[in-house]
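Please keep the sequence and the structure in view while reading.

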Amino acid sequence: MTSLNRVRGQKALLPQLMRPVGLALSLLLAGCISPVDYGKIPHSEYVAHPRCSPENGTNTAAASFPYFVVTSRLPDCRSDQVKLMHHRGDRVRYGRFDAPLVEPENNKDGASSVPFLLNNETQWWKDLAGQMGARDGRVLLYVHGFRETFVTSSKDAAQIARMTNFDGPVIQYSWPSQGEFLKYAVDETNMYWDERNFRNFLMKLAQQKWTKEIVLVSHSLGARLVLPSVEYVDRNSSNADSSNISNIILASPDVDRQDFERDIADEILAARRVKNKRRITVYASEKDRALKLSDDIHGYPRLGMPRCFDTFKAARLKERGLPERCYATHPTYENTPELSGLTIIDTTDVSHGGTGHSDYLRSASACQDFASVVGGETDKLQGRKATHLPHVFLLAPYVNNAEPDHRLICKRDAE
């Protein structure tokens, strides 16, 4: 090959060679790529102190904290105030916590603001059994989403407890989210890594003889941890219908909508399970900026954002004078159950907050609806507006644009 031909060949290859670089730059700009720092201290040193592995009968003070936590985060046990970090832990641990004492954004060392103690696992289950036995066997299990620290997820778990007045124990499952916008890909990786840990915990919880009803709440990326784990429990439970996992709530789920339609809904919402009162409630918003970005990154629509991937379907909706919004389809059955297993609540018209990604904790109308769903009080549901799809409802805009006190109604501050 002559020198001129080699130059021409190199020029021809240049666009191909640049494509991976361009993709990497695009992902970086989209907030997907940011390296993880192992840290300057060996992880084994963080967990070396016995307080990271309490024996039965120790840490009795933990019982004074109202909320339960199960975590796969790496704890830092070098001081009396144990902190949960963003790294993967060496094993699953159990503990108790209280609502954060201060707003995370006002505290440089946010993890220390959560009253928290690790428990011995045996004692933890014993305490949980005692509380559930006194509350008709009901429990609320909350799984957080992307960009959360232990502080921020604890704040949300405590708010959910206050807002819903839940009459049983509340458990937070805390997986190693990085708490940073530029760590989305790391969060996604850690979420998949943690699936076995979570499904084993959910299986054990569902199989306890004193567990009568599990209200399972997930936010954002947490839905991708929850749904396959429920499927796993369904397939492997001694109770063929896993009927005590009855009320599943997906807030702004960062889940592939078509995957949900094809694989997840038909299994989790099989007719026999719906007849046993299994149901899924999805909160979605067209104003969800976080899921719009996830939609763009993954190339296919998210369950929690009603954007139409099919432009022809959007055009047909427009021709009918309907909003150009597309939702997951309801499962079809040979023998349709009396109840509807899937309900989608569109919060677009009442979306509140900077990103529209947490309407169930930020918008008064969404908070009220969410609280009623958690409590199973369907007779108290108000503000829902029917759509052309029987399983989809809109939350109506505020009358005369009169904004309610979102913070008060959603109980965003400790009482």
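## Pockets, a cavity and a helix pair

Strand E8 (279-284) and helix H13 (364-375) each supply at least two residues of the lining of the second largest pocket. Helices (H or I, at least four residues) and strands (E, at least two) are DSSP runs, numbered from the N terminus. The model is predicted, so local features need pLDDT of at least 70 and side-chain atom pairs count only at pLDDT 80 or more, while totals for chains, interfaces and linings use all residues. Residues are numbered from 1 along each chain as its sequence is written, and side-chain values use heavy atoms, with hydrogens and water left out.

Rolling a probe the size of a water molecule over the atoms shows where empty space is left. On a 1 Å grid over the protein atoms alone, a cavity is a set of points where a 1.4 Å probe fits but cannot get out; a pocket is an open set with protein on both sides within 12 Å along at least five of seven lines, and lining residues have an atom within 4 Å of a point. A volume is the space filled by probe spheres set on the points, which are joined across faces, edges and corners.

| Space | Volume |
|---|---|
| Largest pocket | about 750 Å³ |
| Second largest pocket | about 400 Å³ |
| Second largest cavity | about 60 Å³ |

In the second largest pocket, E8 gives the largest share of the lining, three residues. Of the 16 residues that line this pocket, Arg279, Thr281, Ser340, Thr343 and Thr378 are the closest to its centre.

The lining of the largest pocket receives at least two residues from each of helix H4 (150-164), helix H10 (289-298) and helix H12 (359-362).

The second largest cavity is lined by residues including Tyr283, Ala284, Asp359 and Tyr360. Two or more residues of this lining come from each of E8 and H12.

Where do two helices pack together? The axes of helix H7 (residues 222-236) and helix H8 (residues 257-268) come within 10 Å and cross at roughly 40 degrees. That angle makes H7 oblique to H8; angles under 35 degrees count as roughly parallel, over 145 as roughly antiparallel, 65 to 115 as roughly perpendicular and the rest as oblique. In their contact (heavy atoms within 4.5 Å), Leu227, Val230, Glu231 and Asp234 in H7 meet Phe260, Asp263, Ile264, Glu267 and Ile268 in H8.

Terms used:
Axes fitted to C-alpha atoms, helices over the stretch in contact; angles between N-to-C directions.
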